Amino acid sequence: MRFVVGALACMAVGGISLALADPSTTASAPSPPSAPSAPTAPAAAAPTPAPATPAAPATPQAAPAAAATPAIDPEERRLLAQGYRMQMRHGEKVFCRREEVLGSRLEGKMNCSTAQQLKSTQDQAQEAAQRLQRQNLGHPPGS
């Protein structure tokens, strides 16, 4: 009995949340089905111009979008996956991300560098870690 009451309560909460949902998101879902129905009526009157009109704008929009997308090399892809955002500053491509400042409860600091600078910083950090590990191998703890 308790299970049935719990299940009904969950369904009621789900139904109420849908009813109180943002109308802009709810209105956006029904609009695509209504959009094709409007062009269907003029298409019956003039079947040839209606399909030609949507096809013509779709092709020019697709071409500039593909041309406007710059090529991203694997190093830049890796930086984007790590949470960096690509920005253009003074005509140079930089990668920025907000990093928290230790000991501070205030907003973090924005760090921006080029891909080459970030790569060299990472290489230096890896070298320092390897150097410390080699030093510790020669002197085990407690000796």
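The protein chain contains six helices and three strands. Helices (H or I, at least four residues) and strands (E, at least two) are DSSP runs, numbered from the N terminus. Along the sequence, the elements follow the pattern α-α-α-α-α-β-β-β-α. The model is predicted: local features need pLDDT of at least 70, side-chain atom pairs count only at pLDDT 80 or more, and totals for chains, interfaces and linings use all residues. Residues are numbered from 1 along each chain as its sequence is written, and side-chain values use heavy atoms, with hydrogens and water left out.

The three strands form an open, antiparallel sheet in the order β1-β2-β3. Two strands pair if DSSP finds at least two bridges between them. Strands β1 (85-89) and β3 (109-113) are the edges, each pairing on one side only. From one strand to the next, the twist averages 40°. Strand β2 (residues 92-99) runs antiparallel to β3, and five bridges join the two. Within this pairing, R98 lies opposite M110 of β3.

Helix α5 (residues 74-81) packs on the sheet and touches β1 and β2. Its direction makes about 25° with that of β2. Axes are lines fitted to C-alpha atoms, for helices over the stretch in contact, and angles run from 0 to 180 degrees between N-to-C directions. Contact means heavy atoms within 4.5 Å.

Of the contacts in the protein chain between residues at least 6 apart in sequence, 10% join residues at least 24 apart. Of the 143 residues, 7% count as buried (under 20% relative accessible area, 1.4 Å probe, protein chains only). The protein chain exposes about 11,700 Å², computed by the Shrake-Rupley method with a 1.4 Å probe. Carbon and sulfur atoms supply 64% of that area.

Notes
Buried < 20%, exposed > 50% of the residue type's maximum accessible area, 1.4 Å probe, protein only.
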